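Work through the exercises below with the sequence and the model at hand. Each task is followed by a solution in steps.

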Amino acid sequence: LILIIFFGSFIYVYIYSKCFGRKEIINTAKTIASNETNSKIILNKLADWLKEYMRYDTRMIYFYPFPPFLLCRMIHPDPTWVMVVRRGGCEEYAILFAEMARCVGIQSRVVYNPGEDHTWCEVLINGSWIHFDPMLPRERRFNNPGFYERSKTEGGWGKQLSYVFFIGPDGKSYDITNRYTSVGRLIIQIKKDNIPMKNARVIIKSRFLMETNPKYKKPLTCLYKYTNESGLCSFLLGGNNYTVIVEFGKFMSYRGEFIVNLNENETISLTLNLIRPSIFFQLKKSLSLIAICSLLLIVTIFLKYWKVERQSSFM
């Protein structure tokens, strides 16, 4: 009964957001903008509203003041959901801000920097896309793309950005890393038995936060690509330390991993020969399959034992 009430309330909040969230976003944005015509002032007012009425909360499960009282944080949520729950991290702030800006006639898009765990926006002003981060203080929000890499002594965050992109209306990702940092080129060729491998998956992970912040225990994924007919793929990335993981095939796949330091305005070419990892790695990779098979085996043994016991009880 408790689970029915919980999931029923969760579904109710979701349906409510879909039915009324959009209207609430439009009305709120237009009320905030009022009769103001200066785009920068309107954007700052929207960001100020978010600071006041949104609660920064990056927990996967958080308290909600109305039934069902506990909610799960959604991955890449709809802005209507964010408007209703008014909880989240930088991604939720950016998603709702971008939608509110569009509602008052200012084109906006969400910008992602997954390798260094941040999300912000860009707005179209006089034909140019301008950086705008609603999470920052007023004096640093607008047209301040160098803020993230500026040293802490100079008022920045002191990060080394790896990869920055936005998702266009067509659903594709577009690289805009060079708007925020100088880039280097990483060219990787994948071979197996000295034969170039097509369609090998190359995953790039930034090590910056793992090496500078004890909160992060693993490198964060930036992007991935697949190799071409020559076994090649190329990446434009900010200066950083990266973990590169290469995979080919599914179960009992080939795999390779290495760390590379890429400097800005530098080109590095690397060749990696894939090897089949140990059976222990393959088993670890397939834990879910093993768990399901083990569960089926236990159920089968139990049913067989129960059947024997039942038959013996009738004798």
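**Exercise 1.** How many of the eight residues of E6 are buried?

Solution. The model is predicted. Take buried to mean under 20% relative accessible area. By that cut-off seven of the eight residues of E6 are buried, and the strand is mostly covered.

**Exercise 2.** Find the strands that E6 pairs with, and describe the hairpins.

Solution. Step one: E5 pairs with E6 in the antiparallel sense, over six bridges. Within this pairing, Val111 has Trp120 as its bridge partner. Four residues lie between the two strands of the hairpin, where Asp117 takes a positive phi near 60°.

Step two: E6 also pairs with strand E7 (residues 128-132), again antiparallel, over five bridges. Here Glu122 stands opposite His131 of E7. The hairpin of E6 and E7 has two residues between its strands, and Asn126 takes a positive phi near 50°.

**Exercise 3.** Which element gives the most to the lining of the second largest pocket?

Solution. This pocket has about 290 Å³ of space. Of its 16 lining residues, Arg102, Ser108, Arg109, Val110 and Ile167 are the closest to the centre. H4, E5 and strand E8 (165-167) each supply at least two. E5 gives the most, with four residues.

Note on methods:
Residues numbered from 1 in each chain as written. Predicted model: local features only at pLDDT ≥ 70, side-chain atom pairs only at ≥ 80, totals over all residues. Heavy atoms only, no water. 1 Å grid on protein atoms, 1.4 Å probe; cavity = no way out; pocket = protein on both sides within 12 Å on 5 of 7 lines; lining within 4 Å. Points joined across faces, edges and corners; volume = space filled by probe spheres on them. Buried < 20%, exposed > 50% of the residue type's maximum accessible area, 1.4 Å probe, protein only. Pairing = 2+ DSSP bridges.
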